[in-house]
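Open the model in your viewer and keep the sequence panel beside it. This tour tells you what to select at each stop.

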Amino acid sequence: MTTLLSVRNLTMRFGGLTAIDDLSLEVPAGRITGIIGPNGAGKTTLFNCLTGFYKPTFGTLRLAHPRRGEIRLEALASHRVARDAQVVRTFQNIRLFPKMTVLENLIVAQHNVLQRASRFSLAGLLGLPGYRRAERHAIERAAMWLERLKLEALADHAAGDLPYGIQRRIEIARALCVEPVLLCLDEPAAGLNPRESAELNELLLYLCRELGMTILLIEHDMSVVMNVSDHIGVINYGRKIAEGPPDKVKHDPHVIKAYLGEDDEVGEIEGVAP
Amino acid sequence: MSAIVFAHHSMTPAERLRDAGWVAFVGLVLGIPLIGLTTVDVGGRLAVDTRFGLLAVFVAAAFSGRLALRWALDRLRTRKLARDRTSTATAADRARGAQRAVNLLGWIALGAAVALPIFYSDNRYVVDTATTVLIYVMLGWGLNVVVGLAGLLDLGYVAFYAVGAYAYALLSTQFGWSFWEALPVAGAIAAGFGILLGYPILRLRGDYLAIVTLGFGEIIRVILVNWTELSGGPNGIGSIPRPSFFGLEFARRAPEGEQTFAGFFGLEFSAMHRIIFLYYLILVLALLTHVFVSRLRKLPVGRAWEALREDEIACKAMGMNTTHIKLSAFAIGAMLGGFAGVFFAARQGFISPESFTFTESAIILAIVVLGGMGSQMGVVLAATLLVLIPEFGRNFAEYRMLLFGMAMVLIMVWKPGGLLAHREPTLRLKPLDTAARGREGAR
Amino acid sequence: MAYALQQLINGLTLGAMYGLIAIGYTMVYGIIGMINFAHGDIFMVSAFIAITAFTLLAAADVTSIPLALTFVLVVAIFFTSAYGWAVERTAYRPLRGSTRLAPLISAIGMSIFLQNAVQLTQGARVKPIPPVLEGGVVLWDAPGFAVQIGWSQLLIIVTTVVLMIAFTWMITQTPFGRQQRACEQDRTMAGLLGVNVDRTISLTFMLGAALAAVAGVMVTVYYGVVDFFIGFLAGIKAFTAAVLGGIGSLPGAMLGGLLIGLIEAFWAAYLWAEYKDVATFSILCLVLMLRPSGLLGRPEVEKV
């Protein structure tokens, strides 16, 4: 099993607060890795470090890019993480371009390809065939993802007007349009009803098993994490307290303690079939 | 964010009177120091003059105005509720309707703009006013790129207008450049200033950006006032050459070896020729601007601007270099402002810092926001309204800016999204017509 | 040296006035997150009210200076607060919860409206009044130059200090101050916990206007002339002061005001007087670029 991303000794401090403390983690290629942990454990901070929104205080983030070799993510600005390293994320509190249509959202995600094809707008302004072709391809790609995520009927609706669960799916579709090498999903099941969350499971498994995509997943919904993850890392207070396959993590005493408190009542984590 | 909607509650007459009475009382308190009392110069010293009659009129107007407003609002709301209940139009229908209406309006406006000088060929005032409207339309379209599309709040846009105007004034009076030679260069200089301003303030958020751009506008103006050697100081620059019609001057007599416009076409000389020529010139410049901006909007860069307005962080997460996107918006907006400035200088023949005050920036911004952010047609509508409303009240010229400020507040309160808030997507998966046909077939 | 000392006194006076106006910006920004563009014009209105009040007193032959000042301050604070309240109620409250740009445009409209309303009702010409407080104390009779602090300067500085103390007490110790701070941190939550948010915001505008009113009276006393356009520059400089000190921070606004006053006085005295506004704007740009949280403001972590 090859490692796609390896996090080593990652530390992130904000003034006196240590949000992530000496965290090391391996993300295997072509698998789904879940990151769980109580609120405020540092999961989103990890994502922010990974995608260039925060500069880590200390530590390395090595990405073994299949075509471009090793890329050190901690040295890249956020837009370069997505553009050059193809590490693409979604957000816990959904960040779509709300007034633009669903299709436009997916086209914007292909900005760099299209901008190059438009030769800094010159070819685009003149309507040259090269640009037109690139635009057609971009629309086809968007349409393909819209179809696979069952969104094609909504393509021309303003993204911000659509229901919450659908917006979550749009955000994933938009991220997929960037052609991610590593797809980072920040609580994709938050706010979804049980049926939607089952569909999400299916989608994640499809992306990983059928398309061979590597997914890093932050999630609170244990029915999602435990059912789809191949590998789970548990964080508490910025430190990794456990790592391993779901079955092992589920019974780890540290994990149970972190979730259920100091009480010695040993139990299963909520929502998981025994 | 979802607003809590309360059941509509109609006021009883007593409540209405109390409400209006309260407004009248506030009007009285506010009116006493400014309307009821004023200071006048009596023999070199100030003395207080009372105008209680005027104050009484003001308070009475506040009272009855409030009553009328409440009544009208209630009527409107009831009617709207009734309409919403009976209306079965879908969102797509409405979008299609809005798009058609805007398109139709655009064509009518274009037709009217082209025909206007034909019908008013002997009315200088009308053509001049229309030229002013078009300058503001062009400025509005330029600023629309920065504010409407990219969502970068620029309160110093007039600086680029000034840069364009002064660039042309200096190039033509000092180096003898013609209008057509100077136009692209002045535009490029303005774009350079746009990048110069844009670069240091990339990291600033909305309101801070607004205040820094405002400061930038003022810096440019203060420099123009004080750097007398360059700009002529407060006296400005005069005798700026007017644009010619492909080398034909608009003059009674041509200089040695050249021809006049009237002479070439065998017309009798008329001062209106130039006025009308200038009108068509700005019309062409404005239309070019429109085509340019509308096409850019449908290109990656234009969509990136809109995406930036919607969510900068998401833009970064999609791999977009927000620095380049912001700078391109600033540069292109500034360039268009520069072009407008060149035209302004050529039309006036004289420029001074007084034409480039903050009020001017505020007017242009108001045109963009009142029109409906990002809406090209909205800019036309707002520019026409804002230039014409004060013109209609020309008999009370001193009320011009008062009305203007009031209109800004009222339109914002009435329609915070602007007059034409409808946004047309830059591309569609299914064209609207086929979508509609498909549904009709299904019925 | 003596000359520099004199500039220090002049700068502090100027800065105290900017500081008083800056507090209005900072409080409003803190509570509803918008630049109250009309605040400078509120200040201008108060200066006109002061001119009228002083002229009335002169006509009534009131010669006691403390009495006159108290009367003018009370009158100016009363009417100017009413203006602050009315501006918020008509131009900003209907737009609460809409886009960020809408209230700003409305504020600019309000600023243009107030300027022109005053110009129409009070005349476009500069209004001079005879000096209210003449003379001062010579602090240092250096050879060739006497360093002097005018009574009016002393008045401004002392008033500002007293107001600042009172104001700090009010924000930190009284129920209103607590509600004000609560709304600043989380308006929705404060509302859910029973704070009357609308009332608190209204009061904040009135308080800001009251401080601007004091500044307006002081300007009238200090310069003796007023016109309808003074609000624009004073407003921008005061806003710069608020940003420089760290927007949202009350001591920051005061500190920023003092710094802007000092910079302006020294720049005008030693460099180019005609470019003193450029100095202010350049400082504003520099501060925002290098330290957007200001001198005393808390840095904001970009929330993702």
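**Stop 1**

Select G34(A) and then L217(A), its bridge partner in strand 8 of chain A. Helices (H or I, at least four residues) and strands (E, at least two) are DSSP runs, numbered from the N terminus. This is a predicted model: local features need pLDDT of at least 70, side-chain atom pairs count only at pLDDT 80 or more, and totals for chains, interfaces and linings use all residues. Residues are numbered from 1 along each chain as its sequence is written, chains are lettered from A and ligands numbered from 1 in the order in which they are written, and side-chain values use heavy atoms, with hydrogens and water left out.

Now widen the selection to residues 32-36 and 214-218 of chain A. These are strand 3 and strand 8, which run parallel and are joined by four bridges. Two strands pair if DSSP finds at least two bridges between them.

**Stop 2: the whole sheet**

Show the open sheet of chain A: six strands, in the order 6-7-8-3-9-10, with mixed pairing. Strand 6 (87-89) and strand 10 (239-244) of chain A are the edges; each has a single partner strand, so one side of each lacks a neighbour in the sheet. From one strand to the next, the twist averages 20°.

**Stop 3: a hairpin**

Select residues 3-14 and 17-28 of chain A. Strand 1 and strand 2 run antiparallel here, joined by eight bridges. S6(A) faces E26(A) across the pair. Two residues lie between the strands, and G15(A) takes a positive phi near 60°.

**Stop 4: two helices in chain C**

Which residues of helix 1 of chain C meet helix 5 of chain C? Among them are I9(C), L20(C) and M27(C), and the helix 5 side includes I156(C), L163(C) and F167(C). Contact means heavy atoms within 4.5 Å. Helix 1 (residues 2-32) and helix 5 (residues 151-173) of chain C pack at about 35°, their axes 9 Å apart. Axes are lines fitted to C-alpha atoms, for helices over the stretch in contact, and angles run from 0 to 180 degrees between N-to-C directions.

**Stop 5: a lysine**

Find K237(C) in helix 9 (residues 230-245) of chain C. Is K237(C) buried or exposed? K237(C) counts as buried, at 4% relative accessibility (under 20% is buried, over 50% exposed, partly exposed in between; 1.4 Å probe, protein chains only). Its contacts, leaving out residues up to four places away in sequence, include Y18(C), E264(C) and D277(C).
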